[in-house]
Amino acid sequence: SYLLALIACSDDGTSASDPYKDALNKGWDEFKAAKYSAALVQFREAKKINGLLADPYIGMSWSLVKLDSLTAAIDNFTLANAKESKIETFAGWGFTLNAQKDYIGSNLRITDALKIDSVWVFKFDSKYNHIDLKIVKAENYFALNKIDSALLAIKKVNPLFTADLNTYVGK
């Protein structure tokens with residue numbers, strides 16, 4: 001056990017770095033800096049080190065969305081969800097399915113996300129949050145011609161919003 005302690009510590013007595021966590025953290029740093037290709041490289045490295053965890057797949061998915069590789073992103077969101085159900089998976093998946101005009105699938109994933117955290121903010125890009133999810137859900141209902149459901153969904157964002165659905169303009 002003494003030998004294990006020596007291996008686990010560097011020369012200055014601090015813990016040795018964790019290559020998986022290092023790659024994952026570098027990936028999110030690159031993502032936050034809008035360097036999505038570089039982020040993807042780091043997330044792929046983390047996946048090579050430990051492909052059993054969801055986080056590398058989530059990072060790859062969000063990076064692929066930003067690189068406009070939506071089908072590949074969806075494939076990775078699916079793999080991430082098979083490993084562990086996380087809000088970052090469901091939220092990104094919902095946005096991506098909306099972009100691919102899969103409005104029903106998008107609403108299913110958004111509902112999953114909001115069940116986990118109804119006031120979610122994406123910690124790696126705060127421009128994405130629960131309000132966006134609710135607006136996309138309303139947009140999906142509108143695209144599906146479910147106007148009553150669209151109105152109810154948008155009222156979750158703005159309870160004072162009104163529309164007379166009995167008029168052409170209201171629809």
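Which residues does Asn76 touch, not counting residues up to four places away in sequence? I looked this up and found Tyr57, Met60, Ser61 and Leu64, where contact means heavy atoms within 4.5 Å.

Before going on, I note that this is a predicted model, in which local features need pLDDT of at least 70, side-chain atom pairs count only at pLDDT 80 or more, and totals for chains, interfaces and linings use all residues. Residues are numbered from 1 along each chain as its sequence is written, and side-chain values use heavy atoms, with hydrogens and water left out.

I placed Asn76 in helix α5 (residues 70–83); helices are DSSP runs of H or I with at least four residues, numbered from the N terminus. Asn76 counts as buried at 12% relative accessibility (buried is under 20% relative accessible area, 1.4 Å probe, protein chains only).

Next, the rings. I took Phe, Tyr and Trp (its six-membered ring) as paired if their centres lie within 6.5 Å, with planes under 30 degrees apart stacked, over 60 edge-to-face and the rest tilted. By this rule I get 14 aromatic pairs. One of them is Phe31 with Phe122, edge-to-face at 6.0 Å centre to centre and 80° between the planes. Phe31 lies in helix α2 (residues 19–32) and Phe122 in the loop between α7 (103–116) and α8 (130–143), so the pair ties together parts 91 residues apart in sequence. Phe31 is buried at 2% relative accessible area, and Phe122 is buried at 0%.

I also find both in one aromatic cluster, whose members include Trp28, Tyr36, Trp62 and Tyr128.

Last, I checked Arg109: its charged end sits over the ring of Trp93, 4.8 Å from the centre (CZ of Arg within 6 Å of the ring centre and within 35 degrees of the ring normal).

Note on methods
Helix = DSSP H or I, 4+ residues; strand = E, 2+ residues; numbered from the N terminus. Buried < 20%, exposed > 50% of the residue type's maximum accessible area, 1.4 Å probe, protein only.
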